[in-house]
Amino acid sequence: MWVNPGEVLLANALWVTERANPYFILQRRKGHGGDGGGGGLAGLLVGTLDVVLDSSARVAPYRILYQAPDSLVYWTIACGCSRKEITEHWEWLEQNLLQTLSIFENENDINTFVRGKIQGIIAEYNKINGIKEDDDTEKFKEAIVKFHKLFGMPEEEKLVNYYSCSYWKGKVPRQGWMYLSINHLCFYSFLMGREAKLVIRWVDITQLEKNATLLFPDMIKVSTRSSELYFSVFLNINETFKLMEQLANIAMRQLLDNEGFEQDKSLPKLKKKSPKKVSALKRDLDARAKSERYRALFRLPKDEKLDGHTDCTLWTPFNKMHILGQMFVSTNYICFTSKEENLCSLIIPLREVSVVEKADSSSVLPSPLSISTKNKMTFLFANLKDRDFLVQRISDFLLQTTPKTYSEKEIAGSYNSSDDEVYSRPSSIVSSSPQRSLSSEADGERQFNLNGNSIPTATQALMTMYRRRSPEEFNPKLAKEFLKEQAWKIHFAEYGQGLCMYRTEKTRDLVLKGIPEIMRGELWLLLSGAINEMATHPGYYEDLVEKSMGKYNLATEEIERDLHRSLPEHPAFQNEMGIAALRRVLTAYAFRNPNIGYCQAMNIVTSVLLLYAKEEEAFWLLVALCERMLPDYYNTRVVGALVDQGVFEELARDYVPQLYDCMQDLGVISTISLSWFLTLFLSVMPFESAVVVVDCFFYEGIKVIFQLALAVLDANVDKLLNCKDDGEAMTVLGRYLDSVTNKDSTLPPIPHLHSLLSDDVEPYPEVDIFRLIRTSYEKFGSIRADLIEQMRFKQRLKVIQTLEDTTKRNVVRTIVTETSFTIDELEELYALFKAEHLTSCYWGGNSNAFDRHDPSLPYLEQYRIDFEQFKGMFALLFPWACGTHSDVLAARLFRLLDENGDSLINFREFVSGLSTACHGDLTEKLKLLYKMHVLPDPSPEQEEPDSAFEATQYFFEDITPEYTHVVGLDSRNKQGADDGFVSVSLKPDKGAIY
């Protein structure tokens, strides 16, 4: 192929000249083809150098150089994989350029003409073939060519990056190159004539670890079901391992819910002369990782993309200091976090920004930037690098921000005028959340009833209907609650109110002391980030409820079954109003996210959300919970909870080692963790104590749940060590959690399920919830969010691959009695069938991946393949895949096996056909062949042969098949099918049927 002219320092080093003229030289790499001059030891050395030094000559061993007369400088203008390809280029040069160049008198003119002509040829070729220019560097383009040639990958397989490393084959290291693509990990080495080549799919990897040994301090271990591979001597092992983690995560996501990788086309282009060996895909993945960390840090919507970040200082008026930290800018938000953890953080939605301006610089305040919001707050940043560019980016994003026409209404009905005797304020805490302004609204509420007039609709938080407000009931608990409210009011006055408030250690301290009942709903919205999604989707919940009304599916059936099991001891759910609100929220979410639909435990969590928030607010809190804060927890296989169960086991081993072995022997950790994590302790603790845990969770995230679980184990070490079985251990933990009390609660006592079922054993001493939380921070507060994410990745690989193995065993166990294959053969067939499905997902197919993989179906029907995939497997496995009629046989057999006519066949259908072909007796094989041949022919003029009646009589049964059609057969197959019957030889020596 033609290449952009590149300068060559030593034209004859390791190359052999085969042709030459005054301007051009055709060369062949030593050790590649030809007679003499390239074999033997020299060829082995050259081949080894090409691999170790990452030379493109390994893939393109021919090249053409241009050299102007009287010049010592050579330029590469073409390279080729074969002699035929390079000869075509050489002949074109001789016929089209050689005579023209003799006209020029100036060497510079010749150079300019040749380089311009080659670049023009490349541009014209790209235009004719529809090839768009990308921003990959020339070096990386060479690596892409090598990757596809070395490993036989199609063009659809995208290379992300490649790294120099050593692969340990036995006790011998093989120096070479690791290629990381979207779907595969590959390695290639060529040393002294010995080639080593590895191709591993990411979906087959069960474990990925970065280990340290005495010999090599940094080593990456890659485990599959059948082998363990070790790689070392990386130039940058951290970068390599991080990329491997990302790609393995994408593969696990594909196994979980078909969510494949799609390249982000909105990334800015790389500068043309960038020296980095980096691909657009690598930058894409890096940008995704940064955006994920950014969204998790500030609890932002899952589609928010980080644009960039820079070091700066923030003036904090509450302590009159300039705090060093980082500013993050994205499409819809400006955020700040201090270098010192938990010192200060800030979230400013661009929808709330009114003014962005550059202030005057001074020695005390260099390059300051002032940002003002609509609620009269001003934030002053300084020490900004490239301030002008930053202001321009923010201005661009502000122009893209859709102006809201909705009035700034209070969105939380947790308290309105009816609650003024308990807590009054001039404006809502969440003052930055627009709601649709409709003429039908009254007192800031949108009145809507979607269940008919017979069922009242809850227009405020359910808890407001059951709050005691009588003055004569004022007691020390209410006084303490009032002091908490005052403390929060003082905090808002000092640190700001609403989404744009300064979040400091003092904010966390107030949360850990328990949020006042009357503020709980709004602060949950604020701390979880659910307020952002609610503000940017006005009317979404109401529309979703209207669309889901009267629709029934498996999710709605399960919801109806669980409605009356959701916090039944609370009076709010002992009447139709609370039940109807719960039904609407759960059904709306099931229709929003059918991949999750409904899962047990969602009802318990949602019922608590409804107690403190209006329906719409509870819905968005549930969205934040299921889609951001507890990812994959509530899908059909509770993968997220199983992953965190594994993380909890690791943490227990590290933090309570004296208890770990005992708990493993009893098998208790797996039992307790699911119930604790899925319901955030709501199902195992008294209600008034569990809501304090939820307060902390919405502020700190999952680390609080891990800390608390470890604190519970630590508090019961002695008792658990003396337990003889899992039942006794569960009783110990159950009684302890039942005794956790909240003495500050103003709520009427609600009997807890565990305490109702307990026997007459002496009650457990009371445990104060605030003391328990404080202890969890003192002993286990060192657990960091980034550590949890690393542990989650490791466990996610293990959990998903275990689930895949379980699925395979279930499939084999179900079908083994229906076929003549052994269990081992069925397992291999299932692996091959699934691999064929995944391959089509990688590189395209005639049908959508979601059509071919439906996790909601029975195990045997989850993976399905279309005709093109079946044709490949037919050629590989079926004994009849020989001769000129192989494709016709495949098409007819596919139509026969496709019982429901959807142009897809599942594993059971596939195995039934293969079993007959491979293990059936002569009669069964003839029956199968006959059924294939009596299918309606694509040609309507063809008549049924007379022999059909005789064949039917021979088989003693009516075997007329159900008529089905295959969609999308290629023209060759259609032409073959027009031939009518397929000739089948019954000679034993040919093996056509046997």
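**Figure 1. Aromatic pairs in the predicted model.** A search of the whole structure finds 42 aromatic pairs, in a model that is predicted. In one of these pairs, the rings of Phe336 and Phe381 have their centres 6.1 Å apart and their planes at 55°, so the pair is classed as tilted. Phe336 belongs to strand S15 (residues 333-338) and Phe381 to strand S19 (residues 378-382), so the pair ties together parts of the chain that are 45 residues apart in sequence. Phe336 and Phe381 are both buried.

**Figure 2. The ring pair of Phe870 and Phe910, and the aromatic cluster around this pair.** The ring centres of Phe870 and Phe910 are 6.3 Å apart and the ring planes stand at 90°, so this pair is edge-to-face. Because Phe870 lies in helix H31 (residues 867-877) and Phe910 in helix H33 (residues 907-919), the pair ties together parts that are 40 residues apart in sequence. Phe870 has a relative accessible area of 0% and is therefore buried, and Phe910, at 0% relative accessibility, counts as buried too. Both residues belong to one aromatic cluster, which is formed by Tyr830, Phe833, Phe867, Phe870, Phe874, Phe878, Phe894, Phe907 and Phe910.

**Figure 3. The open sheet that contains strands S18 and S19.** Eight strands, in the order S17-S18-S19-S13-S14-S15-S16-S20, make up an open sheet with antiparallel pairing. Its edge strands are strand S17 (353-358) and strand S20 (503-504), each of which pairs on one side only. Within this sheet, S18 and S19 run antiparallel and are joined by 4 bridges.

Figure 4. Ser370 lies in strand S18 (residues 369-373), where it stands opposite Leu380 in S19. With a relative accessible area of 8%, which is under the 20% limit for burial, Ser370 is buried. When its neighbours within four places in sequence are left aside, Ser370 is in contact with Val355, Val356 and Glu357, and also with Thr378, Phe379 and Leu380.

Figure 5. Strand S8 (residues 184-191) runs antiparallel to S9 and is joined to S9 by 8 bridges; Cys186 has Val199 in S9 as its bridge partner.

**Figure 6. Strand S3 and its pairing with S2 and S4.** In strand S3 (residues 24-29), 6 of the 6 residues are buried, so the strand is largely enclosed by the rest of the structure. Phe24, Leu26 and Arg28 point one way from S3, whereas Ile25, Gln27 and Arg29 point the other way, and all of them are buried. Strand S2 (residues 15-20) pairs with S3 in the antiparallel sense over 5 bridges, and a hairpin joins S2 to S3 through 3 residues. On S3, Arg29 has Trp15 standing opposite. S3 is also joined by 5 bridges to strand S4 (residues 62-66), with S3 and S4 running antiparallel, and here Arg28 stands opposite Tyr62 in S4.

**Figure 7. Arginine side chains over aromatic rings.** Arg63 lies over the face of Trp15, at 4.0 Å from the ring centre. In another such arrangement, Arg520 lies over the face of Tyr612, at 5.1 Å from the ring centre.

**Figure 8. The chain as a whole, as context for the close-up views.** The secondary structure of the chain comes to 36 helices and 24 strands, and buried residues make up 53% of its 994 residues. Among contacts between residues at least 6 apart in sequence, 67% join residues at least 24 apart. The accessible surface of the chain comes to about 46,400 Å², and 52% of this surface belongs to carbon and sulfur atoms.

Technical notes. Residues are numbered from 1 along each chain as its sequence is written. This is a predicted model: local features need pLDDT of at least 70, side-chain atom pairs count only at pLDDT 80 or more; totals for chains, interfaces and linings use all residues. Side-chain values use heavy atoms; hydrogens and water are left out. Helices (H or I, at least four residues) and strands (E, at least two) are DSSP runs, numbered from the N terminus. Buried means under 20% relative accessible area, exposed over 50%, partly exposed in between (1.4 Å probe, protein chains only). Contact means heavy atoms within 4.5 Å. Rings of Phe, Tyr and Trp (its six-membered ring) pair if their centres lie within 6.5 Å; planes under 30 degrees apart count as stacked, over 60 as edge-to-face and the rest as tilted. A charge sits over a ring if NZ of Lys or CZ of Arg is within 6 Å of the ring centre and within 35 degrees of the ring normal. Two strands pair if DSSP finds at least two bridges between them. Accessible areas come from the Shrake-Rupley method with a 1.4 Å probe; for residues, only the protein chains shown count as cover.
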